[in-house]
Amino acid sequence: MRVPNSVVLPVGTHVDCCQEEEVEEKRRDIMTKISAMLAERKSNLAHFINNLEGSEEPEFYVDQWEKLKEMESCTLTILNLVAVNCTNHHDIRKLEAAILKHVKNEELFPEVVRVLPPIYRQVEAAIIDIAQSEEMANHGMMDLQHLLSKLSQCKHLASLGRELLQDILRYLHRIGLVVWYEEIKHLESTVFLQPTFLITMFKLLVRYCLAQQLESIS
(Lines give C-alpha, C1' and ligand atoms only; values in the text may rest on other atoms or scores of the structure.)
Protein backbone atom coordinates (compact mmCIF):
# COMPACT_ATOMS: atom_id res chain seq x y z
CA MET A 1 0.00 0.00 0.00
CA ARG A 2 3.04 2.28 0.36
CA VAL A 3 4.61 1.45 -3.01
CA PRO A 4 3.41 3.50 -5.99
CA ASN A 5 1.42 1.58 -8.62
CA SER A 6 1.65 -1.76 -6.81
CA VAL A 7 0.13 -4.84 -8.39
CA VAL A 8 -0.93 -7.64 -6.02
CA LEU A 9 -1.90 -11.17 -6.96
CA PRO A 10 -3.63 -12.88 -4.02
CA VAL A 11 -2.96 -16.62 -3.86
CA GLY A 12 -5.16 -18.96 -1.85
CA THR A 13 -3.46 -22.20 -0.85
CA HIS A 14 -4.66 -25.47 0.74
CA VAL A 15 -7.42 -25.95 -1.81
CA ASP A 16 -7.07 -29.67 -1.05
CA CYS A 17 -8.44 -28.96 2.46
CA CYS A 18 -11.69 -27.53 1.04
CA GLN A 19 -14.76 -28.97 -0.59
CA GLU A 20 -15.02 -27.97 -4.26
CA GLU A 21 -18.02 -25.69 -3.66
CA GLU A 22 -16.19 -23.97 -0.78
CA VAL A 23 -13.33 -22.73 -2.94
CA GLU A 24 -15.39 -20.23 -4.96
CA GLU A 25 -17.23 -19.10 -1.83
CA LYS A 26 -13.95 -18.45 -0.01
CA ARG A 27 -12.51 -16.72 -3.08
CA ARG A 28 -15.45 -14.28 -3.19
CA ASP A 29 -15.22 -13.73 0.57
CA ILE A 30 -11.49 -12.91 0.43
CA MET A 31 -11.85 -10.52 -2.51
CA THR A 32 -14.78 -8.79 -0.78
CA LYS A 33 -12.71 -8.32 2.38
CA ILE A 34 -9.79 -6.94 0.35
CA SER A 35 -12.11 -4.44 -1.38
CA ALA A 36 -13.54 -3.39 1.99
CA MET A 37 -10.04 -2.97 3.42
CA LEU A 38 -9.00 -0.73 0.49
CA ALA A 39 -12.16 1.34 0.78
CA GLU A 40 -11.59 1.79 4.52
CA ARG A 41 -7.98 2.84 3.90
CA LYS A 42 -9.08 5.41 1.31
CA SER A 43 -11.74 6.77 3.67
CA ASN A 44 -9.33 6.98 6.61
CA LEU A 45 -6.69 8.80 4.56
CA ALA A 46 -9.27 11.32 3.32
CA HIS A 47 -10.46 11.82 6.90
CA PHE A 48 -6.94 12.46 8.24
CA ILE A 49 -6.14 14.84 5.37
CA ASN A 50 -9.35 16.81 5.94
CA ASN A 51 -8.57 17.06 9.66
CA LEU A 52 -5.12 18.50 8.96
CA GLU A 53 -6.44 20.93 6.35
CA GLY A 54 -9.18 22.08 8.75
CA SER A 55 -6.91 22.57 11.74
CA GLU A 56 -6.39 26.07 13.15
CA GLU A 57 -2.68 26.10 12.25
CA PRO A 58 -2.29 23.80 9.21
CA GLU A 59 1.23 25.09 8.51
CA PHE A 60 2.49 23.06 11.50
CA TYR A 61 1.28 19.84 9.87
CA VAL A 62 2.69 20.29 6.35
CA ASP A 63 5.03 17.29 6.65
CA GLN A 64 2.22 14.99 7.83
CA TRP A 65 -0.12 16.33 5.14
CA GLU A 66 2.46 15.71 2.38
CA LYS A 67 3.08 12.16 3.62
CA LEU A 68 -0.65 11.39 3.68
CA LYS A 69 -1.17 12.88 0.21
CA GLU A 70 1.70 10.74 -1.08
CA MET A 71 0.08 7.63 0.40
CA GLU A 72 -3.27 8.65 -1.09
CA SER A 73 -1.70 8.84 -4.56
CA CYS A 74 -0.29 5.29 -4.35
CA THR A 75 -2.56 3.22 -6.55
CA LEU A 76 -3.01 -0.45 -5.75
CA THR A 77 -4.23 -2.94 -8.34
CA ILE A 78 -5.63 -6.17 -6.91
CA LEU A 79 -5.84 -9.05 -9.39
CA ASN A 80 -8.28 -11.94 -9.11
CA LEU A 81 -7.28 -14.49 -6.50
CA VAL A 82 -5.70 -17.72 -7.76
CA ALA A 83 -6.62 -20.79 -5.70
CA VAL A 84 -4.06 -23.62 -5.71
CA ASN A 85 -3.28 -26.97 -4.16
CA CYS A 86 0.46 -26.70 -3.42
CA THR A 87 0.86 -30.48 -3.51
CA ASN A 88 -0.37 -30.60 -7.10
CA HIS A 89 2.21 -29.83 -9.82
CA HIS A 90 -0.58 -28.93 -12.26
CA ASP A 91 -1.78 -26.20 -9.89
CA ILE A 92 1.75 -24.86 -9.47
CA ARG A 93 2.07 -24.63 -13.26
CA LYS A 94 -1.33 -22.91 -13.35
CA LEU A 95 -0.08 -20.31 -10.87
CA GLU A 96 3.13 -19.85 -12.84
CA ALA A 97 1.14 -19.30 -16.04
CA ALA A 98 -1.10 -16.75 -14.29
CA ILE A 99 1.91 -14.80 -12.98
CA LEU A 100 3.62 -14.78 -16.39
CA LYS A 101 0.43 -13.66 -18.08
CA HIS A 102 0.08 -10.70 -15.71
CA VAL A 103 3.72 -9.56 -15.77
CA LYS A 104 3.65 -9.50 -19.58
CA ASN A 105 0.66 -7.16 -19.48
CA GLU A 106 2.03 -3.74 -20.47
CA GLU A 107 -0.99 -1.99 -18.95
CA LEU A 108 -0.10 -3.41 -15.53
CA PHE A 109 3.66 -3.18 -15.97
CA PRO A 110 4.60 -0.40 -18.43
CA GLU A 111 8.32 -1.07 -17.89
CA VAL A 112 8.08 -4.69 -19.01
CA VAL A 113 9.42 -3.67 -22.43
CA ARG A 114 12.48 -1.89 -20.98
CA VAL A 115 15.68 -3.09 -22.64
CA LEU A 116 18.55 -3.96 -20.28
CA PRO A 117 22.20 -3.21 -21.15
CA PRO A 118 24.02 -6.26 -22.61
CA ILE A 119 26.31 -6.47 -19.56
CA TYR A 120 23.31 -7.48 -17.41
CA ARG A 121 22.84 -10.62 -19.52
CA GLN A 122 26.58 -11.28 -19.57
CA VAL A 123 26.83 -11.12 -15.76
CA GLU A 124 23.68 -13.25 -15.43
CA ALA A 125 25.16 -15.94 -17.69
CA ALA A 126 28.51 -15.83 -15.85
CA ILE A 127 26.80 -16.18 -12.44
CA ILE A 128 24.85 -19.20 -13.70
CA ASP A 129 28.14 -20.78 -14.83
CA ILE A 130 29.72 -20.12 -11.42
CA ALA A 131 26.69 -21.51 -9.56
CA GLN A 132 26.76 -24.70 -11.66
CA SER A 133 30.52 -25.22 -11.47
CA GLU A 134 31.89 -28.22 -9.55
CA GLU A 135 33.88 -26.02 -7.18
CA MET A 136 30.71 -24.25 -5.99
CA ALA A 137 29.52 -25.44 -2.56
CA ASN A 138 25.99 -26.86 -2.35
CA HIS A 139 24.80 -23.95 -0.21
CA GLY A 140 25.69 -21.54 -3.03
CA MET A 141 26.85 -18.78 -0.67
CA MET A 142 29.59 -16.46 -1.92
CA ASP A 143 31.22 -13.33 -0.58
CA LEU A 144 30.30 -10.30 -2.70
CA GLN A 145 33.92 -9.25 -3.21
CA HIS A 146 34.90 -12.81 -4.13
CA LEU A 147 32.04 -12.94 -6.65
CA LEU A 148 33.27 -9.68 -8.19
CA SER A 149 36.77 -11.15 -8.41
CA LYS A 150 35.48 -14.33 -10.11
CA LEU A 151 33.40 -12.34 -12.60
CA SER A 152 36.30 -10.01 -13.38
CA GLN A 153 38.30 -13.02 -14.54
CA CYS A 154 35.97 -13.26 -17.55
CA LYS A 155 37.58 -11.40 -20.44
CA HIS A 156 34.45 -9.42 -21.33
CA LEU A 157 33.78 -8.50 -17.67
CA ALA A 158 37.30 -7.40 -16.73
CA SER A 159 36.17 -3.79 -16.19
CA LEU A 160 33.12 -4.71 -14.06
CA GLY A 161 33.01 -2.50 -10.95
CA ARG A 162 31.44 -3.17 -7.57
CA GLU A 163 28.77 -0.48 -7.96
CA LEU A 164 27.58 -1.82 -11.32
CA LEU A 165 27.63 -5.38 -9.97
CA GLN A 166 25.42 -4.30 -7.08
CA ASP A 167 22.92 -2.76 -9.52
CA ILE A 168 22.88 -6.00 -11.52
CA LEU A 169 22.49 -8.10 -8.34
CA ARG A 170 19.44 -6.02 -7.36
CA TYR A 171 17.91 -6.88 -10.73
CA LEU A 172 18.84 -10.59 -10.43
CA HIS A 173 17.41 -10.61 -6.89
CA ARG A 174 14.12 -9.17 -8.18
CA ILE A 175 13.80 -11.84 -10.86
CA GLY A 176 14.73 -14.59 -8.37
CA LEU A 177 17.99 -15.81 -9.91
CA VAL A 178 19.99 -14.95 -6.79
CA VAL A 179 19.16 -13.80 -3.28
CA TRP A 180 21.01 -10.80 -1.87
CA TYR A 181 19.87 -9.27 1.42
CA GLU A 182 21.69 -5.97 1.01
CA GLU A 183 19.45 -4.27 3.59
CA ILE A 184 20.55 -6.70 6.37
CA LYS A 185 23.91 -5.61 7.76
CA HIS A 186 25.19 -9.11 8.59
CA LEU A 187 24.24 -10.41 5.14
CA GLU A 188 25.02 -7.45 2.87
CA SER A 189 28.36 -8.96 1.83
CA THR A 190 26.90 -12.42 1.08
CA VAL A 191 25.21 -13.44 -2.17
CA PHE A 192 23.17 -16.65 -2.36
CA LEU A 193 23.68 -18.09 -5.83
CA GLN A 194 21.43 -21.09 -5.06
CA PRO A 195 18.08 -19.69 -3.78
CA THR A 196 16.72 -23.26 -3.61
CA PHE A 197 19.12 -23.94 -0.72
CA LEU A 198 17.42 -21.19 1.29
CA ILE A 199 14.01 -22.64 0.47
CA THR A 200 15.12 -26.07 1.70
CA MET A 201 16.57 -24.56 4.88
CA PHE A 202 13.44 -22.52 5.59
CA LYS A 203 11.27 -25.61 5.05
CA LEU A 204 13.26 -27.36 7.79
CA LEU A 205 13.08 -24.44 10.20
CA VAL A 206 9.66 -22.93 9.50
CA ARG A 207 7.03 -25.61 9.28
CA TYR A 208 3.58 -26.57 10.43
CA CYS A 209 3.42 -27.99 14.00
CA LEU A 210 7.14 -27.20 14.54
CA ALA A 211 6.54 -26.30 18.19
CA GLN A 212 4.73 -29.59 18.85
CA GLN A 213 7.46 -31.55 17.06
CA LEU A 214 10.19 -29.90 19.15
CA GLU A 215 8.25 -30.50 22.36
CA SER A 216 7.96 -34.19 21.54
CA ILE A 217 11.75 -34.54 21.65
CA SER A 218 12.86 -35.71 25.09
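Contact here means heavy atoms within 4.5 Å, and helices (H or I, at least four residues) and strands (E, at least two) are DSSP runs, numbered from the N terminus. This is a predicted model, in which local features need pLDDT of at least 70 and side-chain atom pairs count only at pLDDT 80 or more, while totals for chains, interfaces and linings use all residues. Residues are numbered from 1 along each chain as its sequence is written, and side-chain values use heavy atoms, with hydrogens and water left out.

**Stop 1: α4 against α6**

Select α4 (118–132) and α6 (162–174). On the α4 side, pick I119, Y120, V123, E124 and I127; they meet L164, L165, D167, I168, L169, Y171 and L172 in α6. The two helices pack at about 75 degrees, with their axes 10 Å apart. Axes are lines fitted to C-alpha atoms, for helices over the stretch in contact, and angles run from 0 to 180 degrees between N-to-C directions. α4 and α6 are therefore roughly perpendicular to each other (angles under 35 degrees count as roughly parallel, over 145 as roughly antiparallel, 65 to 115 as roughly perpendicular and the rest as oblique).

**Stop 2: along α6**

Stay on α6, which has 13 residues and reaches 18 Å from its first C-alpha to its last, close to the 18 Å expected at 1.5 Å a residue. That expected span is 1.5 Å times one less than the number of residues in the helix. Now color L165, Q166, I168, L169, Y171 and L172, the buried residues of α6. Buried means under 20% relative accessible area, exposed over 50%, and partly exposed in between (1.4 Å probe, protein chains only). This buried set packs against α4, α5 and β6 (190–192).

Why does Q166 count as buried? Because its relative accessibility is 18%. Not counting residues up to four places away in sequence, Q166 touches L144 and W180. Just after the helix, click on G176, where phi is positive at about 90 degrees.

**Stop 3: the core**

Next, bring up the largest nonpolar core, with its 23 residues. A nonpolar core is a set of buried Ala, Val, Leu, Ile, Met, Phe, Trp, Tyr and Cys residues joined through side-chain atoms within 4.5 Å. I127, L147, L151, L169 and L193 have the most contacts inside it. The elements giving two or more residues are α4, α5 (144–152) and α6, and α4 gives the most, with six. Zoom in on L193: leaving out residues up to four places away in sequence, L193 touches I127, I130, A131, M136, G140, M142, L147, L177 and V178.

**Stop 4: α1 and α2**

To see the contact, show R41, L45, A46, F48, I49, L52 and E53 of α1 with Q64, W65, L68, K69, M71 and E72 of α2.

α1 has 34 residues and reaches 51 Å from first C-alpha to last, close to the 50 Å expected at 1.5 Å a residue. V23, M31, I34, R41, L45, I49 and L52 are buried in α1, and the buried residues of this helix pack against α2, β3 (76–78) and β4 (82–83).

**Stop 5: two loops**

H14 sits in the loop between β2 (11–12) and α1; check its phi, which is positive at about 60 degrees although H14 is not a glycine. Finish at P117, in the loop between α3 (89–103) and α4. P117 is partly exposed, with a relative accessible area of 38%.
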